[in-house]
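Please keep the sequence and the model in view while reading.

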Amino acid sequence: MTGTDQHAVVVGGGLAGVTTALELADAGLRVTLLEGRPRLGGLAFSFKRGDLDVDNGQHVYLRCCTAYRWFLDRVGGTALAPLQDRLDVPVLDVAHPGGPRLGRLRRGGLPVPLHLAGALARYPHMSLAERASVGRAALALRRLDPGDPALDGLDFATWLGRYGQSARTIEALWDLVGIATLNANAAHSSLGLAAMVFKTGLLSEKGAADIGWARVPLGELHDTLARKQLDAAGVRTRLRTRVTAVTRTPEGAWRVDTEEESLDAGTVVLAVPQRETHGLLPAGALADPDKLLDIGTAPILNVHVVYDRKVLKQPFFAALGSPVQWVFDRTDSSGLPDGGQYLALSQSAAQDDIDEPVSVLRGKYLPELERLLPAARGAKVRDFFVTRERTATFAPAPGVGRLRPGARTDTPGLYLAGAWTATGWPATMEGAVRSGLSAAQAALAALGRHREHPLQEAA
């Protein structure tokens, strides 16, 4: 092999690109990682607002997210993003006729699917008949194969209706989980992706849905620690570097042009969003590259509120009967001075709110927080701001599965990575890492380099 053959260029420094770069470097390749932003981490990043360390959005993962857990371990961040000992989600319904009512989704110690039976039996947000119907739907869900192409064309709400799930059941359970994980409600979600989420998270192992989240700013995990490990692996990382073209050289290698230099490589991995990938793909790389443009996107809005006192005792909760979806206490990780509390509201599938002015969002969400949290009614708001990701994820709409390409292209030496590729998962941190592992495995196999898949034992 020539020196060029031994060189790999990874375009994109999100979780997919960082994963790919680490795997290729660990296998002995010389790797250059190019990222247009001034930081790594993609859309899971942090920034400074005065003295606060702010995450652009609240990101969580589950115990079943074996790829992201591998990533945390690889960058030395596992202890900084611990998992719950046992699934426990407070769910507050403020629209109940008898006044606000708190329920919890907790798992027990029994085998699957009985591990959730106790929580379901005590869940106050559905009637007895509705709770019984959930059990029937869950058993039917266990029989589905998420990889069956036929499931991709059907929406989840239609399937739930076939199994007697009422509108209230969908709101209080299926969408409570599904909107947060899929970034779409059941009516706009592919049955295949929904089946994957619920089978893997709730119906595979009793601890699969235990929730983990970063107790430090995301930038410490996805940028600082990741950069440290990339440096240690010998990866040359270039930030603020925009790739302008990817072409073949006369010798058959790849040339990656940036605004400052041209790089020749035997392997190129495009780990950027689908539209950016489409713009960089050379002719013939995919049979129908315009399919990438048909993969829709979905927004996520995050509302950030800093109070002058503590108004929430729980680390997080989910809401019903309110436009508020999930609320997280980010006080400690943000570095907020003593005495106040910083709450982050994570609003998925936020098409209705994503372009609203801050003043409108303030008028909408502060009164809702006072409805949900009585202690907020007498508290002073020190700061209120929003972060918007208009193209936060790919839209998990029915039919999206046939649009998502795999890691390999039709041109040797060129590979794709990103949560939008065909990972089988929705657009999550887990999907992004899995895509990076798949791209690295495909590239190494083409080079005749055997490297055991990091998730082989977990799989």
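Phe 156 touches Leu 141, Trp 174, Ala 186, Ser 189, Leu 191, Ala 194 and Phe 198, where contact means heavy atoms within 4.5 Å and residues up to four places away in sequence are not counted. The model is predicted, so that local features need pLDDT of at least 70 and side-chain atom pairs count only at pLDDT 80 or more, while totals for chains, interfaces and linings use all residues. Residues are numbered from 1 along each chain as its sequence is written, and side-chain values use heavy atoms, with hydrogens and water left out.

**Nonpolar cores**
- The largest nonpolar core has 119 residues, and Leu 24, Tyr 68, Phe 156 and Trp 174 are those with the most contacts inside it. Its largest share, nine residues, comes from helix 13 (residues 429-446).
- A nonpolar core is a set of buried Ala, Val, Leu, Ile, Met, Phe, Trp, Tyr and Cys residues joined through side-chain atoms within 4.5 Å. Buried means under 20% relative accessible area, exposed over 50%, and partly exposed in between (1.4 Å probe, protein chains only).

**Helix 12**
- Helix 12 (residues 358-372) has 15 residues; helices (H or I, at least four residues) and strands (E, at least two) are DSSP runs numbered from the N terminus.
- Leu 361, Tyr 365, Leu 366, Glu 368, Leu 369 and Leu 372 are the buried residues of helix 12. They cover an arc of only 165 degrees around the axis, which puts them on the same side of helix 12; the arc is that of the directions from the helix axis to the C-beta atoms.
- Ser 359 and Gly 363, on the other side of helix 12, are exposed.
- The cover over the buried residues of helix 12 includes strand 6 (88-93) and strand 14 (297-307).

**Cysteines**
- The structure holds zero disulfides, a disulfide being a pair of cysteine sulfur atoms within 2.5 Å.
- The sulfur of Cys 64 has its closest cysteine sulfur in Cys 65, at 4.5 Å, which is too far for a bond.
- Cys 64 is buried, with a relative accessible area of 13%, and Cys 65 also counts as buried, at 8%.

**Salt bridges**
- The whole structure contains 24 salt bridges, each a side-chain nitrogen of Lys or Arg within 4 Å of a carboxyl oxygen of Asp or Glu.
- Arg 451 forms a salt bridge with Asp 26, with the closest N and O atoms 3.7 Å apart. Arg 451 lies in the segment after helix 13 and Asp 26 in helix 1 (residues 15-26), so the pair ties together parts that are 425 residues apart in sequence.
- Arg 255 and Asp 264 meet through their side chains in a salt bridge (2.7 Å, N to O).

Technical notes
Expected span 1.5 Å × (residues − 1).
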